[in-house]
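Thanks for making the time this morning. I would like to walk you through a handful of local features in one structure, so please keep the sequence and the 3D view open while I talk.

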Amino acid sequence: MRNALYSYGRLAARRPWQLLAAWLLVAAAVVGAWSVVGTTIDDDVRIPGSDSNRAQEVQAAVFPASALGNGTLVFHNADGSVTSTEDRTAIEASLRAVQELDEVTQVVSPFPQQPGQPAPRVSADGHTAYARVYFDVPSAALDEQAADRVLAAAAPVTDAGLEVLPGGQLAKAAAGDPGHRSELIGLAVAAVVLLVALGAAAAMALPIISALVGLVLGLAAIGLLSQFGAIPDLATTVASMISLGVGIDYALFIVVRYRAARQEGDSHERALGVAVATAGAAVLFAGATVAVGLGGLLLAGLPLLTSLGWTAAAAVGLSVLAAVGVLPAVLGIVGSRLGAGALPRHRSNAPKAGWWRRIGEGTARRPWLAVVGSLMVLAVFIAPVAGLTLGQQDDGHDPAGTPTRQSYDLLESAFGAGVNGPLLVVADLGDAAGGDRAAMQQQALAVNSALASVPGVSSVQGPQVSDDGSAALWQVVPTTAPSDPATGDLVTELREEILPPLATDGTQLHVGGQTAAKIDFTDQVADRLPLVLAVVIALSFLLLVILFRSVVIPLTAALMNLLSVGAAYGILTFAFAEGHLTALLGLDGPVPIESYIPLILFAVLFGLSMDYEVFLVSSIAERWRAERDNRRAVVIGLGSAGRVVTAAALIMFSVFISFAGQDNPVIKMFGVGLGLAVLLDAVVVRGFLVPGIMVLLGRANWWFPRWLDRIMPRVDLEAHPSAGETPAGLPPLDEASDGLPPAGEASDGFPPVDGPVLETR
């Protein structure tokens, strides 16, 4: 593989325009196809084999309208009653206008059709009412334009002085696309870090360009693949976050390696070949470790996690392709102009080894201090994990002022918290279908009575019987919010105690709806978590064994990665579950941690932590192979790789933390958890803890049984091709023919080596 990468790098130096044109044609084809078909989104939570999934299947089969997109229109009159003649006339006129919209299939009025019937969708004080609106498209197809049309049709209500708000899926659609402000902020901060680290605007621009190419290609590929299986909207956001972070980092490693080779005296062509063969191989391996972590999500057997796993892995893969494939072609064109726009230089009298080298020397002298001190710092971040509890969020946790939060609060104050997350009880009548209608009616009344008498149930609406009489549907409104653990207890009670005695004559009763589905989801995540963790750790361990020809280093790496993951969990608990940072993040109180977030954080962080382990220990291993002096290898390796790993972590932190500005609390959790954990891992774990442990272990780091050495394949990320090596199919090179000056001299703005140029060797 290394020889192929080396040949590609030299080819990129000789024929950059041809390669770039080929890549642009491929990108144009992929993006063009994506622009035609778009991305298929489906935010419904499905848990194969669960009770909620069975309820959903019956509902979709016999009540297709209720299984499609739907939403709520909330009407409010703070100074009067919506049941007054004037207000009711305005509301009914608005609902007739909404019903006439092409995409609307049904509107359920808040008012009873017959005098004397109860009005469950009108509040007791008469100030608030809500109507249900059903559409002919899935909920994911509802967009801001559809919400605007519905609200525009409700003009008679606003003309009458009433307040009208969208709720549920309609409110999510009304919120619109959050835009790309987070990505732009992350890119801006990353650009500043790159400019300081690389010292030149041209060098800074290349990783940004490579990451953007990878991001666009990744989103296009995800969009095309989503045609074969819809993905949740969250998947594209998480994929974008990870793609930008790793894309900039991977490109940075290659640019740094190229510049180091140029400073060592290599020609432009040879330096590019060396950069792609060494840093490019490391990038491929690093991308594989992230993919392994994300691939573990597939073992959970949950469509949501499967989608998040493969979409993020696809985004990482395209970022790797952009860094190893497209970036060399751009570097081949830029060449000696990489130093254009250089920052003013301030020469330092400090040793050229830098402060990471001095940290390595201090760690070598006092390894126990580095290890114990690092563990104490990590313990502070990990400690809150003792209070970690998993739950589910609802619209009541969104930032104040958002459309979802406004309608949630209004409905809660008028009808109770449970109205924002009703449960669905679905009866599959089976053999009873088409039988004794009187007996069926009697059974329906028994179900109504049983449901209404359960503590924790606010109201029961139904039954709604299908046209063929094969199924019936009840809407059960709890007294507690969707995210309240008491609602989960109610679901369990209905399934285990209340409904089984009522399932007679072949009838099957199921509890469904999104609230019940999330409860089932939490249970299955807890069941599959040990399997996912074990497989990801085992595969990552195996990859590092192959790479470093060591058993001890992969074992310590796995343990260190678990510490980083534990710190991430502690950060989430402290910031969100305990509410210490929610005000800073635009939230107004503690927010429960969704059950799947720790699992995804584990998958992503384990892969990213392995990346930093690869880049750090590869540098140490190279020195170890050359001198067989473990202590010196750690010092020099940390001095060489510490700066680039720190810069990479700062970049990834900048990208991740910028997503904390989005409204969605789940995205905030990903941004804060990933950002702070990556920075902590790079500085504390890789900068102090891993070097300290490696110094203490000495030669034991490199222990590798001979029998294992014989059966394991060999991977060499740092081997430097010999000076006379020429890729097949190309004539021998004249190493001095490119007109570039000797190492250490400046040309065309290319900075001398003693500036802020990062070192990798």
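His397 is found in the loop between strand 5, residues 390–391, and helix 16, where helices are DSSP runs of H or I with at least four residues, strands are runs of E with at least two, and both are numbered from the N terminus. This is a predicted model, in which local features need a pLDDT of at least 70 and side-chain atom pairs count only at pLDDT 80 or more, whereas totals for chains, interfaces and linings use all residues. Residues are numbered from 1 along each chain as its sequence is written, and side-chain values use heavy atoms, with hydrogens and water left out.

Coming back to His397, its relative accessible area is 14%, so it counts as buried; by that word I mean under 20% relative accessible area, while exposed means over 50% and partly exposed is in between, with a 1.4 Å probe and protein chains only. His397 and Asp663 are 266 residues apart in sequence, yet their C-alpha atoms are 9.9 Å apart in space.

Val511, in strand 9 (residues 508–512), is buried because its relative accessibility is 0%, and its C-alpha atom is separated by 6.5 Å from that of Asp51, which is 460 residues away along the chain. Thr487 lies in helix 18, residues 485–498, and is likewise buried with a relative accessible area of 0%; between Thr487 and Ala516 there are 8.7 Å from C-alpha to C-alpha and 29 residues in sequence.

Let me turn to charged pairs. Side chains of opposite charge can pair when their charged atoms come close. A salt bridge here is a side-chain nitrogen of Lys or Arg within 4 Å of a carboxyl oxygen of Asp or Glu, and a search of the whole structure finds 18 of them.

Which residue forms a salt bridge with Arg10? The partner is Glu269, and the closest N and O atoms are 3.8 Å apart. This pair links distant parts of the chain, since Arg10 sits in helix 1 (residues 2–14) and Glu269 in helix 12 (residues 268–295), 259 residues apart. Both Arg10 and Glu269 are buried, and together with Arg14 they are linked in a network of salt bridges.

Because they are four residues apart in helix 16 (residues 403–415), Asp409 and Arg405 are separated by about one helical turn. Asp409 counts as partly exposed at 31% relative accessibility, whereas Arg405, at 9%, is buried.

In a further salt bridge, the side chains of Arg632 and Glu627 meet at 2.6 Å, N to O. Arg632 is partly exposed at 38% relative accessibility, and Glu627 is partly exposed at 33%.

Next, the backbone. Most residues other than glycine have a negative phi, and most peptide bonds are trans. Arg628, although not a glycine, has a positive phi of about 55 degrees; it lies in the loop between helix 21 (596–627) and helix 22 (630–658) and is partly exposed, with a relative accessible area of 48%. Arg549 also has a positive phi, of about 50 degrees, without being a glycine. The loop that holds Arg549 runs between helix 19 (514–548) and helix 20 (552–577), and Arg549 counts as buried at 12% relative accessibility.

Met376 is found in helix 15, and at 56% relative accessibility Met376 counts as exposed.
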